[in-house]
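Thanks, everyone, for making the time this morning. I would like to walk through one model with you, strand by strand and helix by helix, so please bring it up on your screens.

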Amino acid sequence: MPDGSSVRNPFQLPKMPPEPCPPLRPWEWDIHLEYYVAVDKTEAAFADFERQTRSPESLTAHGRLVVVLGGEGCGKTSLINRCIASTQKNLKAVGVASIIVDLTVEAKNNQSIAERMRHVCDSLIDQLDVDQRLDKEILEELRRKESPEKAYSYLSMVLKRIAATDDADLAVIVLLPPSDDLAEEVVKYSDLVRPRLLFFAESSYLAANRGWQAKLTRSGPAPPIVLTVGILDPRDGYVFARERLSRHHGKIPMLREDAMNELQDKKPDLAIGQVQRLLFEVYEGVLQQEQPVEEVTMTHITDHILQAWH
Amino acid sequence: MSTSNNDPAWASTNPFVPTAVASAGEFDADPVTIRTPAIREAFRYLDIYLRAAPGESGPSSVGAGNVIALVGDYGTGKTHLAGELRRRARRSVGTDGHVMYIDAPAAGDVPAVGETPAVGDVRAAGTGPVVSGAVGTSFVSLYRRFIDKLQESDVVRRVGRHYSDALIDYLDSSELTAAIAERLRVDRDIDVRDIAEQLGPGEAPLLGEVERRLREELTPSTEFENNFVTALTLMLRPGFQDAVWSWLAGSPPLPILTERGITTAIDTDEVALEAMGMFAVLYGRRNHRFVLVIDEVEKVLSGPRRPEGAVLGAFKKLLTVFAKARAFLVLAGLPDFLQSLEEDVRQRIGRVVHMSALSADNVRDFIIDSQRRLSPDADLEPFTPESVNYITQLTEGVPRKVIRLCYHAYRRAVEEGELVTPAMVREVARTHTNILSTEDIRARVRMVLGREGWEHSTNHMLEASPLARLDEWVYIGDRGSGYGILVTDPVLDDDDFEQLNQRALAIRTAAPEIRTLLIINGYVEPDILALLGELFGVQPMVYHPRLFEDDLVGMLKAMASWAHHGTEDQTIGAMHERVERINRQQSSIYRSIQQIAAQIDAMQLSSERRLGHLQSDLTRISQALSAASSTVVPERAPELPQRMPPEVLRLFSRALDSLADIGQVDRVLREAFAVGSGRSSHTPPASLEIRAALRSQKAVKSLGVAVLLQKLVEAFQTGIAEWYLSYTDDPQGRLRSAHQEELQELCYTYDSIYEYLPLHQLTGLSELTTLPIGAGGQQTEAVGMPLRRVDVRKTLDGLGARVQRTMLAAATSSTVE
């Protein structure tokens, strides 16, 4: 049995720091694509996305807003990243390069919608500047625009012109900060969608099929896509854990199936993020123990929960 | 007498307060309280509320909800009792409750547009200008005082309890986390945020549950109340607390709130009342107790500010809310406020406590208790049972009058080394009546007559005899008919009464049909008051500082009606009506002019203060420059300009004038050294005369006392002038409470030093100031009138209290636009 401290935690994602619950980022790390597990309704949501974005030409011609709804830890961001990776691949297949800009931390609660949107727009221009695929003059012109509406409109026109006149064909994909309870903000972004501009938004406060959703701009050939994720189905916890553990090379204590099932029985509203976090921490503890552990049981899980908070 | 005249045991410090006005500042102290029936009754209602088991909606014996009213006239101890209730409630609830005292704002004390208090860093963050659309109204101002007393962190903690409860209930629902829930129930200080993040249902569902619980508890029914619940929930989300608190403090909602549906600002009476009700429920929940005392409530519930329509509805709702909220509301005020309320509102007030007059036994107990605060062995002395009875009789048991009389009587007793006798009380009452002199009151009568448009004649002689002189003659009709007004000093003994009797006789002799309105400045014995009514044909008015003008206006109308019906000439009567109408119109114009004049005065005061600030700054700069230049040694600091409102300055001028006799000593000494004075060989040298005067230790002591008095008044005046230049208003244009306390401290310092000075030794000063030393060595008239102790007393006794009141009145008026 090797020294426990040298064994990598099977719930730590590759290319990522040892954090309990980071979202998968397959558009940044290809290997992350292998880590999606068919649980938590995300598979159905992703299939829905692929069905609605079957035509990459439609994405460039009309742009798109994608909104993912669901509670905290249900995998919204991971789903968005998967959708972006898929879009990136599909666009590339038709000769369109994607500029993916992650602005998920570029807003504060104490900002108004107008301030948040202005800040996001400014940050986008800064990121495009760093990316260096757009001319400085274009970026300067974008900065001079008095409103995000005009900036996004101008950016879209520039991207179309580049596609028509230059060798490059570009689309800009923006990961927006969580909109929380600001349905009005999501509605406004639906108005800002333009050719070659794709927005991805998420919220853990908004519920699907409510009044705000009716206000989304639905006219035209590119209506917004609203996807929903939720808690784990029964037995999904073990499916998820088994998948992660199977990817591990080397000897590692296995997780008892009945332990995971019991956990889900006792806490039926678990989300995938909570399971990922819990198992990451349980294995951190198990792998640190001097006495080798043969298998992880419900006792390990409950001990961890109670020791942490009792 | 059991004590020596020179050093009586009770001579150390005056145990009574000269102002005898209870204030919020004294609430933290432990003033003497005598258990009158009213106090016992109020305590009983409060105790029933405090002892009620958690969850009981209201003690049945308090009646309709937990609302009581304390009702009584000026000086009857409402504020003192309110303070006692606050103290008693605080002792009882400890940390499991909230006890709050606020005094209702005066008519002019309203938040000015643009001066709405806001959370500083919200403004500073530049998230948008805070522009108030607030309309200054009674309950809005009251609410601002209410919210000022609440702590932001306390409100967050109370809402946070719902968050913890929701999380605990969630954790309890799973066998896996039930033990954690149990632990959290026991230890409420654990920060639950981390637990919520890892084991909770997520922030959104938890906050949703908090909001649901708040709605269940607060049962919001109006748009604002729904906004209130949303806002409280938002306080738990990172980044929202400042914005919500700013809104609760009265600012318009910032965009991050309006975007979440909070659109109603707390800037109308109706909304302000709803907000207070919401807080009452929030603070009165579960095992907690919430006691709110609103003092001087007549300022928002009677007269022109009496609530009507929707505001009245909101007030009724507030009273109902207090009952449901398991909170306790005390409304303290003048009887007017209760009378002005409609029956259905009065029914919502469970009990009305009428303030009791002090009995002689109460007064005796009060005196003994007060004196024992300073000396545990103290008894009734220097007071006697007779003087206690007389004080009670003279003051009709009104606590404020009792305390003031006790203060002055005690001073006199210490000074003269004698027990307080009824005669001494009578003398003290004569001297210490009101702030205004009788002459001042005559001036106020003239002012009211002019303002109200009455034609009148001052110092009107009905016949040659001075006894038939009236201070004012008010004309009704044009055949000389009308009525008289006579203002007089306190009427305390038979001599006073007899003098008035003579005057009444002379007036009746000169004009048998007329009636005379007698205005008495100060104390009058009730029996004598009734007799005077018979003598003058009209019940006399006793001057009261706050009510005087309103009362006088009413009396003038009544007198005019009587006088008018007394005339038989209907034509003249008709003419009079027309003239009266014209007079009324003129009166209206006069009032407008007077208001404008008042505003100009206020502006002038404000400008003077600014100028004073500038001068003060220049002085400091000048001093700094002098200090920087080491070659120049500053001779003495330049005197601060004595800028202050003219009415305050007058008080100081009068005070210093009464000591002007001291200046005569300078003159006597200067003349003794005058070159070429031409004194004849027959007259003794001046030095001999002065030495002769100085042989009497009385003169030296007297001069010492007088000089000390003068220096004391001058120092007091300088202190007040500096205070006046230094104070700043709060954002609502009110004098900040810290500055009020500073002023109170200054005035108290004066009064407390003054009472130590032996004024009875002043009489010896005349031996120096009346020395007949004159030019040419001729015997001349005395160079000065002897310093009169009575005059000195009139101007210096209670000067601190008078300055405090006058300054506060002036400061308040100068801030009202």
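Predicted model: local features only at pLDDT ≥ 70, side-chain atom pairs only at ≥ 80, totals over all residues.

Let me start with a question: how many bridges join strand β1 (residues 64-69) of chain A to β4(A), and do the two strands run parallel or antiparallel? The count is six bridges, and β1 and β4 of chain A run parallel. Residues are numbered from 1 along each chain as its sequence is written, and chains are lettered from A and ligands numbered from 1 in the order in which they are written.

Some terms, then: helices (H or I, at least four residues) and strands (E, at least two) are DSSP runs numbered from the N terminus, and two strands pair if DSSP finds at least two bridges between them. I call a residue buried if 20 or more other C-beta atoms lie within 10 Å of its own, exposed if 12 or fewer do, and partly exposed in between, with C-beta atoms placed from the backbone.

Back to β4 of chain A. Seven of the seven residues of β4(A) are buried, so the strand is largely enclosed by the rest of the structure. In a regular strand, side chains alternate between the two faces of the sheet. Here A:L197, A:F199, A:A201 and A:S203 point one way, while A:L198, A:F200 and A:E202 point the other way.

Most residues other than glycine have a negative phi, and most peptide bonds are trans. A:R196 counts as buried because it has 26 C-beta neighbours inside 10 Å. A:R235, in the loop between β5 (225-228) and α9 (236-246) of chain A, also has a positive phi, near 75°, but A:R235 counts as partly exposed, with 13 C-beta neighbours inside 10 Å.

Now to helix packing, where axes are lines fitted to C-alpha atoms, over the stretch in contact for helices, and angles run from 0 to 180 degrees between N-to-C directions. Helix α4 (residues 113-131) and helix α5 (residues 136-144) of chain A pack at an angle of about 175°, with their axes 10 Å apart. These two are therefore roughly antiparallel, on a scale where angles under 35 degrees count as roughly parallel, over 145 as roughly antiparallel, 65 to 115 as roughly perpendicular and the rest as oblique. The contact (C-beta atoms, placed from the backbone, within 7 Å) is made by A:I125, A:L128 and A:D129 of α4(A) and A:L139, A:L142 and A:R143 of α5(A).

What is the arrangement of helix α12 (residues 269-284) and helix α14 (residues 309-324) in chain B? Their axes come within 8 Å and cross at roughly 5°, and the helices are therefore roughly parallel to each other. The residues of this contact divide into eleven nonpolar, one polar and four charged, where Ala, Val, Leu, Ile, Met, Phe, Trp, Tyr, Cys and Pro count as nonpolar, Asp, Glu, Lys and Arg as charged, and the others, Gly among them, as polar.

Chain B as a whole has 33 helices and ten strands, and buried residues make up 41% of its 817 residues. Five strands form an open sheet with mixed pairing, in the order β6-β7-β8-β9-β10 of chain B, with β6 (456-461) and β10 (541-542) at the edges, each pairing on one side only. Inside that sheet, β7 (residues 469-475) and β8 (residues 482-488) of chain B run antiparallel and are joined by four bridges, and B:Y475 has B:G482 as its partner in β8(B). One backbone detail to check by eye is the cis peptide bond between B:E381 and B:P382, with omega about 10°.

Finally, the contact between the chains takes 23 residues from chain A and 24 residues from chain B. On the side of chain A, helix α12 (residues 298-309) gives the most, with four residues.

Conventions: Contact = placed C-beta atoms within 7 Å.
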